[in-house]
Amino acid sequence: MNTALKNKYIGDRGFYERTAHTAVPLALNSALQSTMSTVDTLMVSWIGMVSAVGTASQINTLSGMINYGIVGGIGMFAAQFFGAEDYRNLKRALGLCLSMTLANAFLWYLAAMFFGRQILTFYMNDPAIVADGLRYLSISVYALFPGAVTFSFSNMFRSTGQAKLTLRISIATALMNVGLNACLIFGLGPFPEMGVRGAALATVLASCAGALIYIVYSLRTDQLFIGTPAEMFRFDMRFVKPILSKILPLIINESTFGFGQTLFVKAFGKLGKEQMDAYYVGNQIFNLMSFIIYGYGNAVQVLLGQLLGAGKIDQAKKEKEWHMGLSFLLSVVMIVFLIVFAVPLVSLFRLNDSAAQKLAVSIVYVFALKTSMRLFNFVIFCILRSGGDSAVIQFLDSGLEWAVGLPAAFACVDLFHMSSIALVLLVSQLEQLVRLILGMKRVNTNIWAKDLTILVQERE
């Protein structure tokens with residue numbers, strides 16, 4: 001390798017140790033969270049409810065994407081507050097995060113309660129699937145509230161360099177979810193056989209347990225971000241305005257991106273139940289593998305954010321290049337893994353139709369390509385977020401999804417009448433390629449490398 005390139009993209013030992021210390025727990029934590037969703041899909045596939053649960057979960061997807069925008073935006077401030085040892089504003093960051101995520105949960109709870117049937121029918125106009133989906137949604141919707149608490153607290157632990165704690169809690173909740181799924185879906189031991197309702201109840205109970213653990217642990221260990229209600233929830237515009245100006249573009253982006261993701265389901269749903277069963281299985285395998293993407297990307301945001309908050313601007317720029325080099329290696333590993341293990345992974349899901357099983361394998365191959373580009377794109381977004389360069393992310397993420405990805409998907413289905421969901425999905429990946437090219441150009445300008453703490457400190 002050229003010496004100049006090696007020095008630019010390969011870091012020193014200390015860099016990889018710091019990155020592993022933060023990224024590995026976050027990646028494993030993300031994997032366990034994905035496992036909860038995958039276990040639901042796996043077990044409901046054994047009772048023929050894949051499409052029902054997948055369609056009902058679109059509400060959770062929309063709510064979760066908005067929460068991700070909230071915690072991602074507040075997280076870029078929290079990491080810098082921690083790096084600057086500004087614990088007063090760190091406490092208020094948690095209070096603001098809880099207020100916004102719980103408000104978001106309540107809005108989606110109302111939408112599910114009053115318009116659940118209309119929402120499910122929009123995505124899949126099959127009366128049987130809608131009926132089963134409503135049975136799942138009527139219970140699973142209550143997981144939105146503990147989920148909001150978990151989002152907020154896990155974000156604060158990540159931002160303060162305590163990723164291992166979030167991993168331990170995720171292990172506990174994932175194990176609980178698996179056990180409850182088995183008992184409540186199939187009626188093991190003293191439990192009644194609840195079918196698809198059991199899958200929903202297991203998710204709610206596991207989510208509540210996870211939120212409770214976060215709260216109790218934070219209080220008992222006197223975390224730096226825990227304060228009195230007045231310290232956490234007394235906001236003024238001097239604090240809220242500069243934060244909202246940075247995170248609103250992220251919230252808008254995640255909202256429109258999340259809705260766009262569900263519109264892909266709308267387009268694919270026109271191809272029929274067999275195609276959708278295969279898609280949901282392939283998508284769950286992608287989600288399970290994407291723990292590397294989101295775990296590593298979140299670590300990049302935390303690590304660079306702490307450097308920027310401490311005023312180490314040049315070091316942050318240097319380590320940005322090292323993260324891009326590491327991203328390339330990780331993308332190669334992920335694409336090879338998905339191609340090699342596509343068949344055995346799909347076989348875990350007991351799809352009744354052999355054609356659907358073969359189709360699911362083809363979809364995993366397409367997702368292998370998507371995974372490699374998505375890793376780069378997400379790391380780019382996290383680099384930009386670390387310094388508050390959030391406005392451009394809206395264009396790169398949701399903007400290109402609506403301008404490139406969605407038109408490509410609907411054109412394939414409605415104009416060119418493609419019957420294979422794998423081919424439609426492949427064409428749709430053009431958006432990832434365009435996003436990668438434009439995102440790299442933005443990152444290389446180093447406009448993102450800014451200390452955000454001064455935005456709040458100047459107003460105190």
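So, C97: this one is buried, at a relative accessible area of 0%. Buried here is under 20% relative accessible area, exposed is over 50%, and partly exposed is in between, with a 1.4 Å probe and protein chains only. Keep in mind that this is a predicted model, where local features need pLDDT of at least 70, side-chain atom pairs count only at pLDDT 80 or more, and totals for chains, interfaces and linings use all residues. Residues are numbered from 1 along each chain as its sequence is written, and side-chain values use heavy atoms, with hydrogens and water left out.

C208 is partly exposed, with 37% relative accessible area.

Okay, on to the helices. V364 sits in helix 15, residues 354–386; helices are DSSP runs of H or I, at least four residues, numbered from the N terminus. Is V364 buried or exposed? Buried, at 1% relative accessibility. Setting aside neighbours within four places in sequence, V364 contacts G282, I285, L338, A342 and V346, where contact means heavy atoms within 4.5 Å. Take A342: it's 22 residues from V364 in sequence, yet their C-alphas are 6.1 Å apart.

Last up, L329. That residue is in helix 14, residues 313–347, and it's exposed, with a relative accessible area of 52%.

Terms used
Helix = DSSP H or I, 4+ residues; strand = E, 2+ residues; numbered from the N terminus.
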